[in-house]
Amino acid sequence: MAANTPISEQDLLCPQCSEIYCVPVLLKCGHNICRVCLHKFWEWKGCRECPVCGSVSVPGRPPINLALKIAADEYQVRRTSRDGEVCFLHNEKLKVFCKNDEEPICLVCQVSKQHKVHECCPVEEAAHQKKTEISAMLESLRKKLRLLNKTKEQWEETKKYIQTQVFQNETAIKAEFEKLHQFLWEEEKTRLKVLKQEEETKIQVMCKKLEDIDGQIKTLSSTISDTEAALTVEDLPFLKDYRQTKKRAKSNIREPECVRAILINSAQHLGQLKFGIWKKMANIVKYVPITLDPNTAQSNLAFSEELSCVQYSSKQLLPDNPERCTSRVCVLGAAGFISGKHSWTVDVGQGKDWYIGVAQESIKRKSTIFLNPAEGFWVIGLCNGDSFWAQTSSRTRLTMKQKPERITVEVDCDKSKVVFINAADLTVIHTFKDKFTERIFPYFSPGLCTDRKMSSPLTICPMTIKVDVE
């Protein structure tokens with residue numbers, strides 16, 4: 001083996017320990033093994049087999065492969081020199097950085113066949129450029145960390161609010177069942193069990209998500225710490241580890257997901273509560289065709305029992321979940337429509353400002369928009385207590401003989417029509433004709449009110465229930 005012939009590291013690895021040979025011995029079969037590794041293998045095996053091919057060796061000590069030992073020792077010396085500032089191939093100082101291979105090289109390497117056509121620059125210049133590059137990546141990592149921490153805080157608040165919702169729903173459910181007395185006890189226990197199951201499921205979901213984001217934060221924090229440490233080292237060590245540092249800094253942590261439908265489904269637990277047992281208590285139960293969804297409500301809105309009445313109230317601390325409307329003081333119905341005919345009557349009372357109608361599911365809930373069909377709204381309303389308007393593309397003023405107190409909303413999804421009727425004399429107030437391309441939801445906005453005591457609610461009127469026994 002010529003001394004100037006480059007030796008591959010693979011040629012110098014012991015097949016038993018996979019490390020560079022340490023005193024290699026040559027077996028009769030032609031395989032080389034570290035002397036210590038061979039003796040350990042023979043003691044474990046109980047015979048003098050070759051660890052590679054299984055051939056039995058002759059008695060006596062196998063001879064040391066002197067040439068292989070010298071080559072291994074020289075390779076160890078060369079590899080040790082890599083940790084310094086000298087090229088292990090040419091024993092020259094590393095003064096140039098190869099941009100193609102992204103590694104420091106010597107001047108001889110630069111003119112060699114391997115690097116001759118590559119783009120190179122001085123080590124100092126390359127270090128400055130690459131540190132700037134890594135610094136930019138580090139700032140991106142910091143932004144992601146800030147986003148993760150902010151999302152974690154929001155999810156912590158959502159987790160707490162879920163528990164608050166559970167308490168509020170539990171209190172409301174118990175209040176209703178107290179009115180139904182002892183013979184409804186089993187029904188109450190069933191509903192509370194469903195609520196508890198939902199609480200457990202959704203708390204588990206949030207705990208898992210918080211656990212995941214904690215892991216992401218820990219991983220990202222560790223990456224940032226390692227990257228910051230890398231930026232403090234000297235130029236050459238930094239450039240030698242540059243590719244590994246760059247690889248670590250390329251964060252593959254995904255953006256926090258938008259957690260939808262995670263809040264307690266209050267509409268399921270409270271909506272139509274009495275109607276569910278109307279066969280047992282038909283004389284006291286009431287049925288309203290629409291249940292309001294508090295998870296979509298602006299934070300100044302308060303609701304009555306069974307979520308059939310809404311009015312302006314004091315501001316509450318609520319999570320800004322994706323379903324919630326924050327740009328307007330409004331709330332949507334819990335169930336949407338995509339086909340068929342639907343109707344409900346709203347008691348608008350003596351309110352001075354209100355809007356009722358329907359809105360499509362994809363309305364912008366977080367930004368200011370106009371109430372018109374182009375934005376996904378088909379509503380009418382009262383302004384300043386004296387003027388009625390249909391919110392068409394250009395508002396249409398409505399003329400009525402008397403101020404209505406109850407208005408019926410009729411929706412025909414198949415014909416894409418919304419009709420508003422004065423429930424007192426059944427006269428048509430206004431009709432929208434459009435094309436519904438997605439699910440639509442009932443829309444209610446009781447308007448602003450500086451004096452809470454003077455706020456007027458919007459109430460969904462109960463329908464008459466008839467029980468026929470055959």
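The axes of helix 5 (residues 185-230) and helix 7 come within 10 Å and cross at roughly 150 degrees. That angle makes helix 5 roughly antiparallel to helix 7. Angles under 35 degrees count as roughly parallel, over 145 as roughly antiparallel, 65 to 115 as roughly perpendicular and the rest as oblique. The axes are lines fitted to C-alpha atoms, for helices over the stretch in contact, with angles from 0 to 180 degrees between N-to-C directions. Helices (H or I, at least four residues) and strands (E, at least two) are DSSP runs numbered from the N terminus.

This is a predicted model, in which local features need pLDDT of at least 70 and side-chain atom pairs count only at pLDDT 80 or more, while totals for chains, interfaces and linings use all residues. Residues are numbered from 1 along each chain as its sequence is written, and side-chain values use heavy atoms, with hydrogens and water left out.

**Helix packing**

The crossing of helix 5 and helix 7 is left-handed, a term used if the near helix is turned anticlockwise from the far one by less than a right angle. Contact here means heavy atoms within 4.5 Å. On the helix 5 side, Thr223, Asp226, Thr227 and Ala230 meet Thr245, Arg248 and Ala249 of helix 7. By class, this contact of helix 5 with helix 7 has two nonpolar, three polar and two charged residues. For these classes, Ala, Val, Leu, Ile, Met, Phe, Trp, Tyr, Cys and Pro count as nonpolar, Asp, Glu, Lys and Arg as charged, and the others, Gly among them, as polar.

Helix 7 (residues 242-249) also packs with helix 4 (residues 123-180): their axes come within 10 Å and cross at roughly 20 degrees. Helix 4 and helix 7 are therefore roughly parallel to each other, and their crossing is left-handed. In helix 4, Lys130, Glu133, Ile134, Met137 and Leu141 meet Tyr242, Thr245, Lys246 and Ala249 in helix 7. The contact of helix 4 with helix 7 has five nonpolar, one polar and three charged residues by class.

The axes of helix 4 and helix 5 come within 9 Å and cross at roughly 165 degrees. These two helices are therefore roughly antiparallel to each other. Helix 4 passes helix 5 in a left-handed crossing, and their contact has 20 nonpolar, eight polar and 15 charged residues by class.

**Cavities**

The structure holds two cavities of 30 Å³ or more. On a 1 Å grid over the protein atoms alone, a cavity is a set of points where a 1.4 Å probe fits but cannot get out, and lining residues have an atom within 4 Å of a point. Grid points are joined across faces, edges and corners, and a volume is the space filled by probe spheres set on the points.

| Cavity | Volume | Lining by class |
|---|---|---|
| Largest cavity | about 40 Å³ | six nonpolar, one polar, three charged residues |
| Second largest cavity | about 30 Å³ | four nonpolar, no polar, three charged residues |

Residues lining the largest cavity include Cys325, Cys330, Arg365, Phe377 and Tyr443. Lys144, Leu147, Leu148, Ile253, Arg254, Glu255 and Pro256 line the second largest cavity.

**Backbone**

Most residues other than glycine have a negative phi. Phi of Val23 is near 55 degrees, a positive value, and Val23 lies in the segment before strand 1 (24-26). Glu102 has a positive phi of about 55 degrees and is found in the loop between strand 3 (94-98) and strand 4 (103-106).

Definitions and conventions. 1 Å grid on protein atoms, 1.4 Å probe; cavity = no way out; pocket = protein on both sides within 12 Å on 5 of 7 lines; lining within 4 Å.
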